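User: I'm new to this one. Could you walk me through it, one question at a time?

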Amino acid sequence: MDSTDYGMLVYTPSQLARSTFLYVQHIGRWKYDDDYVITREGFESYLFQYTFSGRGYLKHEDREYELLADSVLLIDCRKYHEYGTLSNEQWDVGWVHFDGNGSASYMQAIHDKYGPVIRLPVPHRFIQHQQSLIEIIRGNGVNLEAEAALHIFQLLMEVFTAGTTSPSGDGILVRQRDGLEKALQYLQIRYAEPISVDDLAREANMSKSHFTRAFKLWTGCSPIEYLIRQRITMSKSLLLRERTKSIERIAELVGFESVSHYIVTFKKYENRTPLQYRKMWL
């Protein structure tokens, strides 16, 4: 089968794949009538399901979602869920059941950002990845499992970086993302200066509370932590490029108020002092 055919493939992963990779369990495409419904719990799999056409629904964690064309459902099948075709509809869907190392973390990161139903701005990417996975499994090559893991990973990362929550939410998320990009550019240019969350929120054209929540959602950390990491990163570059510069001078150049604060903070992130870091790489 290919991604335009209806049918399914199953795969049994090796112990190496189970312990190390993301791996396919079950993959396929089908057109369901309006009486189709699945209710599950305790099923050891993650489900990536794409709607080609028609309409379905998902009941998940006390909420119900409508599944429209070009939307993706991403859920942990261990948790109670129900999905199926809406009345008087045919529902054309493609899916990848997967599991493996890191699956839970990847899925949770996407859920925290978008929830279990995501829209793809470039929907053909799912089709391309699914087709590649089908060809890889059919081909049964020596690197099958590593190649399949790469496609699953790429698909998850593309959803994480480019997805949106719903048709009505597309514009909101785009404006939010644009505002955060402006704040990040400001931070990356002026990281050595005194910067407050208020400064960054103004750059993003958001309230301080809204900006702080959005920043954490998109980057996985607070604005202040991001600033500190930027300063640490720039100091690491100076430690290696500017070998004659003192630790005190580098601390000053990247925006730390005192060398003692810089050393303590550096050790927190790198588990060694700046001087030890410099010696380790030179």
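Predicted model: local features only at pLDDT ≥ 70, side-chain atom pairs only at ≥ 80, totals over all residues.

User: How much space lies in the largest cavity?

Analyst: The cut-off for that count is 30 Å³, and one cavity makes it. As for the space in the largest cavity, the computed value is about 30 Å³.

User: Which element gives the largest share of the lining of the largest cavity?

Analyst: The lining is made up of Tyr11, Tyr23, Val24, Ile137, Leu144, Glu145 and Ala148. Two elements give two or more residues to it: strand E2 (22-32) and helix H4 (144-162). The largest share is three residues, and it comes from H4.

User: How many residues of that lining are charged?

Analyst: Six of the lining residues are nonpolar and none are polar. That leaves the charged group, with a count of one.

User: Why is strand E9 described as largely enclosed by the rest of the structure?

Analyst: Look at both ways its residues point. Trp91, Val93, Trp95, His97 and Asp99 point one way, Asp92, Gly94, Val96, Phe98 and Gly100 the other, and all are buried. E9 spans residues 91-100, so it counts as largely enclosed because the number of its residues that are buried is ten of ten.

User: Which residue in E9 is the bridge partner of Tyr46?

Analyst: E9 runs antiparallel to E2, with ten bridges joining them, and there Tyr23 stands opposite Asp99. Strand E4 (residues 46-53) also pairs with E9 in the antiparallel sense, over seven bridges. For Tyr46, the bridge partner in E9 is Phe98.

Technical notes:
Residues numbered from 1 in each chain as written. Heavy atoms only, no water. 1 Å grid on protein atoms, 1.4 Å probe; cavity = no way out; pocket = protein on both sides within 12 Å on 5 of 7 lines; lining within 4 Å. Points joined across faces, edges and corners; volume = space filled by probe spheres on them. Helix = DSSP H or I, 4+ residues; strand = E, 2+ residues; numbered from the N terminus. Nonpolar A, V, L, I, M, F, W, Y, C, P; charged D, E, K, R; others polar. Buried < 20%, exposed > 50% of the residue type's maximum accessible area, 1.4 Å probe, protein only. Pairing = 2+ DSSP bridges.
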